[in-house]
Amino acid sequence: MAYSDKVIDHYENPRNVGSLPKGDTNVGTGLVGAPECGDVMKLQVKVNPDTGVIDDAKFKTFGCGSAIASSSLATEWLKGKTVDEALAIKNTDIVNELSLPPVKIHCSVLAEDAIKAAIADYRKKQEEQKGAPVGAHAQPSA
Amino acid sequence: MRLWELLWSVTPDPIPVRSVSTLECRNCGAGAPVDEHFCPQCDRILALGRYGDYFSFFGLPRRLGIDRQDLEQRFRDLSRRFHPDFFYNAPPAERLASLERSSYLNDAYRVLRDPAARIEHLLAIEGLPPVKHEGGDPSTSSGQGVKVPPALLEEVFALNEELDDIRELRESGGDRAQIAARLARARTPIERKRDEHEQCIQELSEQWDRQDGAPPAERRATLDALREQLLERTYINNLLAAVDREAASLGNL
């Protein structure tokens, strides 16, 4: 099976590799895994709480080329989108953009799961912040 | 029919199960239980009438504790009895049956002597979804309903990151002795995890073997727990492979 040029490009020059401070209430972290192949993917978004727009997105993936490319592409797409727009990203969009073959579709599913998990984490943090008095709990270190 | 034509027609298709409860001897027409290899009446080799259960093919109960020597002995006995050389002058149907049974026997032996493959086979014939699946439907979730425990993902991620840091250090020409020491430290928790995993598999296997007459729900719970362990296995094996790769790269400096 050959990887498409876009997969190779993302694999060789992954965008937005790295991490954002996990303890920041404006940062949402999604950590997901595909047990069949042993892949693990971390995707983070930094949201402007006033506008709901994703200012920054980072990822780190330990897995195959398609998993890396899927998450790299996802972070590219996430930047500048609102949280709601981000939730509309479907794994099939990633499959089409990267021309993933059927055996690698689960990599795109993983990326979609990671986006959803990151945003769910962000929302949970925002809720907790609203609910708790200021300074009620210490910020965990990143 | 030539031998290679017979061989060509033997397709290894171990699972899914084709269930046939009895066989019929093509020679004398007598019925035989599905686990028989030879006709109880005329002693001719029976066509391979069913696929699926490697345990019963060996005359073994569906238990995970298998004595390797006993298994090997059964394998040797059956290999000898099915051997195509003994059917050289037999009618084509019997020659084919000997090839089918020999081929199936090899598959069954390969699976049953490997403890992890044995568990996967047990899960399959007990009707659980496969641990590994290739490709699949884009609408299905990656974990096929089994979520990896978040704590495991955190741990696996952290161990992978440490290995990544070590690799970067090596590639940027860091001190070899220091990198080797750090790699040794990274290896310890992974190996401990592997040992705990093996221990857990062992305990669950013994539990399964004691549950012959237990309620279905209890048996199912054991199988589910075994399946979860097999999911963890890929992560552990990948980490161990990454450690070994790094150690090899370091050795080549």
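Reader: What is the mean pLDDT of chain B, and what share of its residues reach 70 or more?
Author: The mean pLDDT of chain B is 84, and 84% of its residues reach 70 or more, where pLDDT is the predictor's confidence in each residue, from 0 to 100. This is a predicted model, in which local features need pLDDT of at least 70 and side-chain atom pairs count only at pLDDT 80 or more, while totals for chains, interfaces and linings use all residues. Residues are numbered from 1 along each chain as its sequence is written, and chains are lettered from A and ligands numbered from 1 in the order in which they are written.

Reader: Which elements of chain B have the lowest and the highest mean pLDDT?
Author: Among the elements of chain B, the lowest mean, 51, belongs to helix 1 (residues 3–8) of chain B, and the highest, 96, to helix 3 (residues 68–82) of chain B; helices (H or I, at least four residues) and strands (E, at least two) are DSSP runs, numbered from the N terminus. Over residues 11–19 of chain B the pLDDT falls below 50, and over residues 134–144 of chain B the value stays under 50 as well. Where pLDDT is low, the predicted coordinates should not be read in detail.

Reader: What does chain A average in pLDDT?
Author: Chain A averages a pLDDT of 89, with 92% of the residues scoring at least 70. For the model, the ipTM is 0.84 and the pTM is 0.72.

Reader: In what order do the three strands of chain A form a sheet?
Author: The three strands form an open sheet in the order 1-2-3, with antiparallel pairing; two strands pair if DSSP finds at least two bridges between them.

Reader: Why is one side of strand 1 and of strand 3 of chain A left without a neighbour in the sheet?
Author: Strand 1 (27–34) and strand 3 (53–62) of chain A stand at the edges, and because each has a single partner strand, one side of each has no neighbour in the sheet. From one strand to the next, the twist averages 15°. Strand 1 of chain A is joined by eight bridges to strand 2 (residues 39–48) of chain A, and one of the bridge pairs is Val27(A) with Lys46(A) in strand 2 of chain A.

Reader: What makes helix 2 of chain A oblique to helix 5 of chain A?
Author: Helix 2 (residues 65–78) of chain A and helix 5 (residues 105–131) of chain A pack at an angle of about 40°, with their axes 8 Å apart. Angles under 35 degrees count as roughly parallel, over 145 as roughly antiparallel, 65 to 115 as roughly perpendicular and the rest as oblique, so helix 2 of chain A is oblique to helix 5 of chain A.

Reader: How many nonpolar, polar and charged residues does the contact of helix 2 of chain A with helix 5 of chain A have?
Author: The contact has eight nonpolar, four polar and no charged residues, where Ala, Val, Leu, Ile, Met, Phe, Trp, Tyr, Cys and Pro count as nonpolar, Asp, Glu, Lys and Arg as charged, and the others, Gly among them, as polar.

Reader: Why are helix 2 and helix 4 of chain A called roughly perpendicular to each other?
Author: Helix 2 of chain A and helix 4 (residues 91–98) of chain A pack at an angle of about 110°, with their axes 10 Å apart, and they are therefore roughly perpendicular to each other. The residues of this contact divide into five nonpolar, one polar and one charged.

Reader: Why are helix 7 and helix 8 of chain B called roughly antiparallel?
Author: Helix 7 (residues 176–209) of chain B and helix 8 (residues 216–251) of chain B pack at an angle of about 160°, with their axes 9 Å apart; they are therefore roughly antiparallel to each other. Their contact has 17 nonpolar, four polar and seven charged residues.

Note on methods. Axes are lines fitted to C-alpha atoms, for helices over the stretch in contact, and angles run from 0 to 180 degrees between N-to-C directions. Two residues are in contact if their C-beta atoms, placed from the backbone, lie within 7 Å.
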